[in-house]
Amino acid sequence: MKWTSTLLSSLPLLISLAAAAPSAPAAPGWRFDLKAERSGIVALEAIVVSPTLVIFFDRASDDPLQINNHSAWGALWNLETSTVKPLDVLTNSFCASGALLSNGTMASVGGDPRGFPGNPAIHPGNQGIRIFEPCASPTGDGCTLFEDPATLHLLEARWYPSSIRIFDGSLLIVGGTHVNENFYNLHPANSFEFFPPKESTPRPSAFLERSLPANLFPRIFALPDGKVFMVAGNQSIIYDIEANTERILPDIPNNVHVTNPIDGSAILLPLSPPDFVPEVLVCGGTQTDPIDPSLLSSQTPATTQCSRITLTEEGIAKGWEIEHMLEPRTMPELVHLPNGQVLIANGARSGFAAIKQVPDAIGNSNSDHAVLVPSLYTPDAPLGRRISNAGMPSSGIARVYHSSITLTPQGNFLIAGSNPNANTTVGPGIKFPSEFRVQTLDPPFMFVDRPKILSFPEKLAFNKTFTVPISVPLELTRPGAKVQVSLMDLGFSSHAFHSSARLVFMDATISRDRKSLTFTTPPNGRVFPPGPATVFLTIDDVTSEGAWVMMGSGNPPPTLE
């Protein structure tokens, strides 16, 4: 009893000491970081072109960033300094697509045929091809775009096309419209072509004809056998480039449409050795028929639906598997993390893409109720438990129509743009203004000691094994730690779709002394189309900065000649 009474009499002192003791530091979480410098142009398109540089494109209009005494509509964003410099663009890049070629050249294709009052430098962009050669300068000094509309142009006029790098390192360019449309695709480019050109005429597409009128920016993916998976409207196919044939696949369930102006997003899930089985995830959009926009509303609910399909004979027979996001989203974007998860970001809970076609537009916006909190999708989690926003912060900035997001070589996400307006529209009382603020979304691993890839080859050959030096923090050296090495194309962000985005896991081991990493590259350019890539090392979900590398020979892609 004496011992018990002594203990009880000591309790107030123990409680007091416990209250005074410092608490353990909180584990780092996801953070949005607002940059001090503005983008200067609305970054409605974004592509990483070097370890330190991202190209932004906007429409040719009246953005505040100036070059040669007129508003710029291209810019280089420096990832190291978070600063911007203008790029001189000749043709109107509004609503174009693009990708990196096998030799590292960025090609931006298609665009808007219109000019803009007071900006006489603008040339029509709907057959435009804009070339940005590999830039050795970390700051972009001396690096410029090349254009020659008279001799370098698309075979067919294309506004709102999609493009991806394919197995020979060239671009497949899909769809679009011939003219400036208000909402639906009424003057369609129902065809495919290549850049560099390999044929003298475009290839007609029955799929694009069937998927009218809401089939702009088709969601397209190069599969590991060289074929191409495509989604437009609510329809899907596999297209065989070499045979020029299509295989019709099941429609997306529940009449959900997912291409502009009824935008969902889609992504090719990570490919893993040895079989590299392809799966595609499609999220968001709206459950509606493409009816007259005067009968639609900015308050029409978007869908929560995600649809997933495995592109094997068994998977195609099974069809689409349905799951649901935490909230409805139109115009979301799906982006890979190096550990294989997928970020779901941006978009709105209701409405549609495009500008002021619905009768109850919010200012000029056809959409409303911006979604500010991202979610994470974990592909290998059980169905119904794959999507979470636990610990995710709010961006505080609406990113709706004409916004962009991309993973960076540093391992975080660069987020910019948003402009459901016909020109630069800012000021008090505007719910969805032209947005020039730039943010990063920084994962928790940005705030802890990270693995480091100490050096890396400039080029990687296919189906070869390489060993590179690394350093591993002590806290990541537990036995049985999960090691992932991802080979990534960081893609081209435009209109709720990250074209060419790709993640291929490579078999890898870390040496017993934890000083070297050995990995085996993909077997061929069908699994990972030859061209620039970023390699990340992830240990227990802590990811290194990326190593920029040329996958393959670095030679230019084949041409008609």
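## Rings, strands and a buried histidine

Arg-31 lies over the face of Phe-447, and the distance to the ring centre is 3.7 Å. The model is a predicted one.

**Aromatic pairs**

Rings also meet other rings. The count comes to twelve aromatic pairs. One of them joins Phe-221 and Phe-497. Their planes stand at 90°, so this pair is edge-to-face. Phe-221 belongs to strand 16 (residues 219-222), while Phe-497 belongs to strand 40 (residues 497-499). The pair therefore ties together parts that are 276 residues apart in sequence. Phe-221 is buried, because its relative accessibility of 4% is under the 20% cut-off. Phe-497 is buried too, with a relative accessible area of 2%.

Phe-466 and Phe-519 form another aromatic pair, and this one is stacked. Phe-466 sits in strand 37 (residues 465-471) and Phe-519 in strand 43 (residues 516-520). This pair links parts that are 53 residues apart in sequence. Phe-466 counts as buried at 18% relative accessibility. Phe-519 counts as buried at 0%.

The table sets out the two pairs.

| Pair | Centre to centre | Angle between planes | Type |
|---|---|---|---|
| Phe-221 and Phe-497 | 5.6 Å | 90° | edge-to-face |
| Phe-466 and Phe-519 | 5.9 Å | 25° | stacked |

Rings can also join up in a cluster. Here ring pairs link Phe-94, Trp-159, Tyr-160 and Phe-217.

How many of the five residues of strand 6 are buried? Five of the five are, so strand 6 (residues 74-78) is mostly covered. In a regular strand, side chains alternate between the two faces of the sheet. Both faces of strand 6 are covered. Gly-74, Leu-76 and Asn-78 are buried on one side. Ala-75 and Trp-77 are buried on the other.

Strand 6 has strand 3 (residues 53-57) as a partner: the two run antiparallel and are joined by five bridges. Within this pairing, Phe-57 has Gly-74 as its bridge partner. Strand 6 also pairs with strand 7 (residues 83-87), again in the antiparallel sense and over five bridges. Strands 6 and 7 form a hairpin with four residues between them. Ser-82, in the turn, has a positive phi of about 55°.

Elsewhere, four strands form an open sheet in the order 21-22-24-25, with antiparallel pairing. Which strands lie at the edges? Strand 21 (264-268) and strand 25 (321-324) do, and each pairs on one side only. On average, neighbouring strands of this sheet are turned by 20° against each other, direction ignored. Strand 22 (residues 279-284) and strand 24 (residues 305-310) pair over five bridges. Val-280 has Ile-309 in strand 24 as its bridge partner.

**His-336**

Is His-336 buried or exposed? His-336 is buried, with a relative accessible area of 3%. Its place is in strand 26 (residues 333-336). The side chain of His-336 reaches the backbone oxygen of Leu-268 at 2.7 Å. Leu-268 falls within edge strand 21 (264-268). Leaving aside residues up to four places away in sequence, His-336 touches several others, among them Ile-267, Leu-269, Pro-270, Phe-413 and Met-488. Its contacts also include Ala-501, Arg-502 and Leu-503.

How values were computed: Residues are numbered from 1 along each chain as its sequence is written. This is a predicted model: local features need pLDDT of at least 70, side-chain atom pairs count only at pLDDT 80 or more; totals for chains, interfaces and linings use all residues. Side-chain values use heavy atoms; hydrogens and water are left out. Buried means under 20% relative accessible area, exposed over 50%, partly exposed in between (1.4 Å probe, protein chains only). A polar contact is a pair of N or O atoms within 3.5 Å; within protein, one must be able to donate a hydrogen and the other to accept it, and residues adjacent in sequence count only if both atoms are side-chain atoms. Contact means heavy atoms within 4.5 Å. Two strands pair if DSSP finds at least two bridges between them. Axes are lines fitted to C-alpha atoms, for helices over the stretch in contact, and angles run from 0 to 180 degrees between N-to-C directions. Rings of Phe, Tyr and Trp (its six-membered ring) pair if their centres lie within 6.5 Å; planes under 30 degrees apart count as stacked, over 60 as edge-to-face and the rest as tilted. A charge sits over a ring if NZ of Lys or CZ of Arg is within 6 Å of the ring centre and within 35 degrees of the ring normal.
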